[in-house]
Amino acid sequence: MYRILFTLLFSRMDPEEAHHLAFRWIRRVARVPVLRTFVAAVLAPRYEELRTEALGLRLHSPFGLAAGFDKNAVGIDGLAMLGFDHVEIGTVTGEPQPGNPRKRLFRLVPDRALINRMGFNNDGSLAVAARLASRRPVFRTVVGVNIGKTKVVPEAEAAADYVKSAERLAPHADYLVVNVSSPNTPGLRSLQAVDQLRPLLTAVREAADRAVPARRVPLLVKIAPDLADEDVDAVADLAVELGLDGIIATNTTIAREGLGLTSDPALVQETGGLSGAPLKARSLDVLRRLYARVGDRITLVGVGGIENAEDAWQRVLAGATLVQGYSAFVYQGPLWARSIHKGLAARLRTSPYATLADAVGADVRTSA
Ligand SMILES: Cc1cc2nc3c(=O)[nH]c(=O)nc-3n(C[C@H](O)[C@H](O)[C@H](O)COP(=O)(O)O)c2cc1C
């Protein structure tokens, strides 16, 4: 059904327009109590064996929606209705900004991939904080808040911009993510260098603690798949040193490896971050490397090219306590989260592990 809709409607539309249309439908359905109850009953069944504890939070499952789909926190319940057990909103920047000029999102259908150069289009930290504050949740979903730098803010003042967002948004976040890995804000990824990252993460930690003295809001950093292996290790060591709660691996890539099926060379060369199937191998490698370095001391979140339950399972075995996805949702539609949950539960049942937690990192531990 979704395939037909995709072929007849979405694939003929501008990808960003298609996103807005689909997201509007999701939100409309979620506003009608009888409809959302029915849809959630079908698409978001709970599996006892997938219950997960991570970042001091209790989740129904390890699988959630990655940042970038709901940049402004306008449809969290709709996404929960479709089965995403955590939703990472954002990236939200200190100030509102329009993002890059359109066209800025491209589908590479044969490769099951996307290229985007959205450039953190969002309503800004003040508006998003107000929206989260007035939200009356219908479903119990974990809400992560991903923050980034406002484009016009000079790199030397980046920390103050993140601090502004952290102070405003931490009170409404189940966890907070410092995004230093989007390829679409000039200079952003250089903040991943340890000498820049250390003061930035320290300042954001302090800001979150100031804003929410009664609760320690878990703080994570999201990294790029394009880091050299030594830099991945350096971020891992820094995270341990600073007592960070988690690392999200990975964001989109500026590389163009793993693409072979898309025939239009101009499309492949569009500027921006590549996501989806071609990112799978590198994201998995980065995750494995991180787990080998930090083990269970830090929660790892695996994202990048996850398309099915087997991919999610491989991330768990490689060290991920939580897994996320985005691009495959575009290609597979509203049944996607359901199929991941069902398959993951089945995979666990036939595995040698009694619980999901036992499986986390098992592949890396045995190969060490
Ligand atoms: C259109 C689009 C917009 C995105 N926007 C953000 C963003 O604002 N912040 C962020 O941290 N990641 C963003 N991402 C990256 C995703 O969160 C994810 O890390 C990446 O797409 C890899 O996962 P996937 O292969 O399952 O899509 C975006 C991805 C896409 C496709």
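Leaving out residues up to four places away in sequence, F329 touches Y2, I26, L65, F69, L79, L82, F84, P334 and W336. Contact here means heavy atoms within 4.5 Å. This is a predicted model, in which local features need pLDDT of at least 70 and side-chain atom pairs count only at pLDDT 80 or more, while totals for chains, interfaces and linings use all residues. Residues are numbered from 1 along each chain as its sequence is written, and side-chain values use heavy atoms, with hydrogens and water left out.

**The aromatic cluster**

F329 lies in helix 12. Helices (H or I, at least four residues) and strands (E, at least two) are DSSP runs, numbered from the N terminus. With a relative accessible area of 6%, F329 is buried. Buried means under 20% relative accessible area, exposed means over 50%, and partly exposed lies in between (1.4 Å probe, protein chains only). The C-alpha atoms of F329 and A266 are separated by 24 Å. Along the chain these two residues are 63 residues apart.

Which residues form one aromatic cluster? They are F23, F63, F69, F84, Y326, F329 and W336. R27 lies over the face of F23, at 4.7 Å from the ring centre. The rule for a charge over a ring is that NZ of Lys or CZ of Arg is within 6 Å of the ring centre and within 35 degrees of the ring normal.

How many aromatic pairs does a search of the whole structure find? It finds nine. One of them joins F69 and Y326, 5.5 Å centre to centre, with 65° between the planes. That pair is edge-to-face. Rings of Phe, Tyr and Trp (its six-membered ring) pair if their centres lie within 6.5 Å; planes under 30 degrees apart count as stacked, over 60 as edge-to-face and the rest as tilted.

Why does the F69 and Y326 pair tie together parts that are 257 residues apart in sequence? F69 lies in the loop between strand 3 (63-65) and helix 4 (76-81), and Y326 lies in the loop between strand 13 (322-325) and helix 12 (327-332), so the pair links these parts. F69 counts as buried, at 7% relative accessibility. Y326 counts as partly exposed, at 23%.

**Two helix pairs**

Two packed helices are described by the angle between their axes and the distance between the axes. Axes are lines fitted to C-alpha atoms, for helices over the stretch in contact, and angles run from 0 to 180 degrees between N-to-C directions.

| Helices | Axes come within | Crossing angle |
|---|---|---|
| Helix 10 (residues 280-294) and helix 11 (residues 309-317) | 9 Å | roughly 25° |
| Helix 5 (residues 125-133) and helix 6 | 9 Å | roughly 15° |

The angle makes helix 10 roughly parallel to helix 11. Helix 5 is likewise roughly parallel to helix 6. Angles under 35 degrees count as roughly parallel, over 145 as roughly antiparallel, 65 to 115 as roughly perpendicular and the rest as oblique.

The crossing of helix 10 and helix 11 is right-handed. Here K280, S283, L284 and L287 of helix 10 make the contact with D311, Q314 and R315 of helix 11. The crossing of helix 5 and helix 6 is also right-handed. A crossing is left-handed if the near helix is turned anticlockwise from the far one by less than a right angle, and right-handed if clockwise. In helix 5, S125, L126, V128, A129 and L132 meet K164, S165, R168 and L169 in helix 6.

Neighbours within four places in sequence aside, S283 is in contact with T250, V303, G304 and R315. A160 is found in helix 6 (residues 158-169). A160 counts as exposed, at 53% relative accessibility.

Most residues other than glycine have a negative phi, and most peptide bonds are trans. Some places here depart from that pattern.

A cis peptide bond joins G90 and T91, with omega about 15°. T91 is in strand 4 (residues 86-93). Another cis peptide bond joins A249 and T250, with omega about 15°. T250 lies in the loop between strand 10 (246-249) and helix 9 (265-268).

L55 is not a glycine, yet has a positive phi of about 55°. L55 lies in the loop between strand 1 (52-54) and strand 2 (57-59). L55 counts as buried, at 13% relative accessibility. A73, also a residue other than glycine, has a positive phi near 60°. A73 is in the loop between strand 3 and helix 4. A73 is buried, with a relative accessible area of 6%.
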